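Trainee: I would like to learn how to read a structure, starting with a single side chain. Please show me the model first.

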Amino acid sequence: MTAMSDTMRASILAAAAMLFIGCGVKSLPVPPEQAVPERIVGLDATSQKNGVLLSWERPDRTAGGAKMRDLGSFEVDRAENTGGFRPLVDIPVTDQDRFQQQQKFTYLDAAAEVGHHYRYQVISSTLDAYRSDPSNEAEITHQLPKPPPNPENFVIPQPKPLP
């Protein structure tokens, strides 16, 4: 009977050890301000025929320096002239589990009007809704791009003779 109780006791201890080892968080908790995505610093805006094209790089680290694995979305904000920013669009990120993730993102603001001055910023969020600081501001006055030279009318400039 004592052998049976020793076996039972060993089984209970083994089960308790497995439960202790197999559950719970394995790392120290991270303060919320360190879990937010790093700030985007490369936002760029260019005029296109059909609107203003915004482009930026994916943040790959958190503000605390850890590798970003749970990027969830981007909020693109727009301000006209010197007015305040307003949310323009929310762009979901759905490639968290893919082997190769998208590194560059673009958005075409097709509602931008020619001759109007705009400012843009992007805020990234994690799947848990931790929001980054706003990106750098990209300013632009939307103009139609100049058409490329027409090959039928193009004249090659003649060089001036050397003195």
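Trainee: Which backbone oxygen lies 3.0 Å from a polar atom of the side chain of Arg-119?

Mentor: A polar contact is a pair of N or O atoms within 3.5 Å; within protein, one must be able to donate a hydrogen and the other to accept it, and residues adjacent in sequence count only if both atoms are side-chain atoms. Here the oxygen belongs to Asn-81. The side chain of Arg-119 also makes a polar contact of 3.1 Å with the side chain of Glu-137.

Trainee: What are these values based on?

Mentor: This is a predicted model, in which local features need pLDDT of at least 70 and side-chain atom pairs count only at pLDDT 80 or more, while totals for chains, interfaces and linings use all residues. Residues are numbered from 1 along each chain as its sequence is written, and side-chain values use heavy atoms, with hydrogens and water left out.

Trainee: Is Arg-119 buried or exposed?

Mentor: Buried means under 20% relative accessible area, exposed over 50%, and partly exposed in between (1.4 Å probe, protein chains only). Arg-119 has a relative accessible area of 12%, so Arg-119 is buried. In the protein chain, 28% of the 163 residues count as buried.

Trainee: Which residues does Arg-119 touch, not counting those up to four places away in sequence?

Mentor: Contact means heavy atoms within 4.5 Å. Among the residues that Arg-119 touches are Asp-77, Thr-82, Phe-85 and Glu-139.

Trainee: Where does Arg-119 lie?

Mentor: Helices (H or I, at least four residues) and strands (E, at least two) are DSSP runs, numbered from the N terminus. Arg-119 lies in strand β6, residues 117-126. The protein chain has two helices and seven strands.

Trainee: What is the order of the four strands in the open sheet with β6?

Mentor: Strands of a sheet pair through backbone hydrogen bonds, either parallel or antiparallel. Two strands pair if DSSP finds at least two bridges between them. In this sheet the order is β4-β3-β6-β7, with antiparallel pairing. The edges are β4 (86-92) and β7 (138-141); each has a single partner strand, so one side of each has no neighbour in the sheet. Four bridges join β6 and β7, and Arg-119 has Glu-139 as its bridge partner in β7.

Trainee: Which strands form the open sheet of three?

Mentor: Its order is β1-β2-β5, with antiparallel pairing. The edge strands β1 (44-48) and β5 (104-109) each pair on one side only. Five bridges link β1 to β2 (residues 51-57), and Gly-51 in β2 is the bridge partner of Gln-48.
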